[in-house]
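Please open the model in your viewer and keep the selection tool at hand.

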Amino acid sequence: MSIKMRRKKKKYSIIIPTYNERLNIALVVYLVFKHLQDFEFEVIIVDDGSPDGTQDVIKQLQNVYGEDRVLLRARPKKLGLGTAYYHGLKHASGDFIIIMDADLSHHPKYLPSFIRKQMETGASIVTGTRYVRNGGVHGWNLIRKLTSRGANVLAQTLLWPGVSDLTGSFRLYERKAFEDIISSVVSKGYVFQMEMIVRASRKGYQIEEVPITFVDRVYGSSKLGGSEILEYLKGLVYLLITT
Amino acid sequence: MKHILKIMALLVAVAGIWISLLETSVVPRSYTWLLPVYLVVSLGCYGLLMVGVGLMLFPTCPQEASLLQKVALVIMFISDQFCAQIPAFSG
């Protein structure tokens, strides 16, 4: 028996939380299937009771791609990002968990590079970073970039996290690592992403990075206001003290 | 070891060096008293420098946005065409 037959093919579970993503979700799923043709995977969509008909679109996608490849695991209302991932994890059957956003800020064309990086390095976690040479952002004005850069420098100085992009939510985790880390995380929103990666770093998991591009919202708009900044600073202090 | 303890240990080490410099008077006392201020100001300047450099070198990808817009437009066009052919949607 050849080595290829003996080694079981790895399966990837892609968890995508959605809320009012009727316009984007079909495009995201189409692109995932387009770019992951050579891999075994499933897409788990955790929808928090979107009133705009997102779940109807997902059911149509299930008809197209199969209910074993596109899984809808809905929840009655908005219950938070961290719990959405945990909910998706319970229904995942893959060896690896990939998390990404549904609003097309994360392009599925980078999925093979995450997988390749993990295969090459044997890392437990591969995180996408927007802040390195082949990565980048689009749609951010100067103030937004300044805030992002300032926040990043502050976090690097205080936390020494070992990754360049703390708040990114385009990541691949080994299933065991994901289960281990998520059980000790309590934060919400994007501080959740920070806490995940900082705790992973403290626990000694091998973390690799791949450059990704981040296009801010094809449809809709995202905001960064005073309350988000305050939330971020509180998150930093919390992580400084408890990790 | 928890991260905060590492930071505390670093601060204690710096404080120890400062006190020993004060005691041994290798450097004139008037300068030594101000050493913590110099350190804080240098750290602040370094931080601002990193923010400035990062801002200048912030990687951007305008070509990605235009690619994505094109894909979105094509899909919308196809779905409009598809919906127009279904009586339930166009009627």
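Are A:D165 and A:R130 buried or exposed? Select the two residues in this predicted model: both A:D165 and A:R130 are buried. They form a salt bridge, with the closest N and O atoms 2.7 Å apart. A:D165 lies in the loop between α6 (142–159) and β7 (171–174) of chain A, and A:R130 in the loop between β5 (125–129) and β6 (136–138) of chain A, so the pair ties together parts that are 35 residues apart in sequence.

Next, select A:D48 and A:R75. A salt bridge links these two residues, and its closest N and O atoms are 2.8 Å apart. Because A:D48 sits in the loop between β2 (40–47) and α3 (54–65) of chain A, and A:R75 in the loop between β3 (70–72) and α4 (81–90) of chain A, this pair connects parts that are 27 residues apart in sequence. A:D48 and A:R75 are both buried.

Now select A:K109 and B:E64. Their side chains meet in a salt bridge at 2.8 Å, N to O. A:K109 belongs to the loop between β4 (96–99) and α5 (111–121) of chain A and B:E64 to helix α4 of chain B, so the pair joins two chains. A:K109 is partly exposed, at 27% relative accessibility, whereas B:E64 is buried, with a relative accessible area of 10%.

Conventions. Residues numbered from 1 in each chain as written. Chains lettered and ligands numbered in written order. Predicted model: local features only at pLDDT ≥ 70, side-chain atom pairs only at ≥ 80, totals over all residues. Heavy atoms only, no water. Salt bridge = Lys/Arg side-chain N within 4 Å of Asp/Glu carboxyl O. Helix = DSSP H or I, 4+ residues; strand = E, 2+ residues; numbered from the N terminus. Buried < 20%, exposed > 50% of the residue type's maximum accessible area, 1.4 Å probe, protein only.
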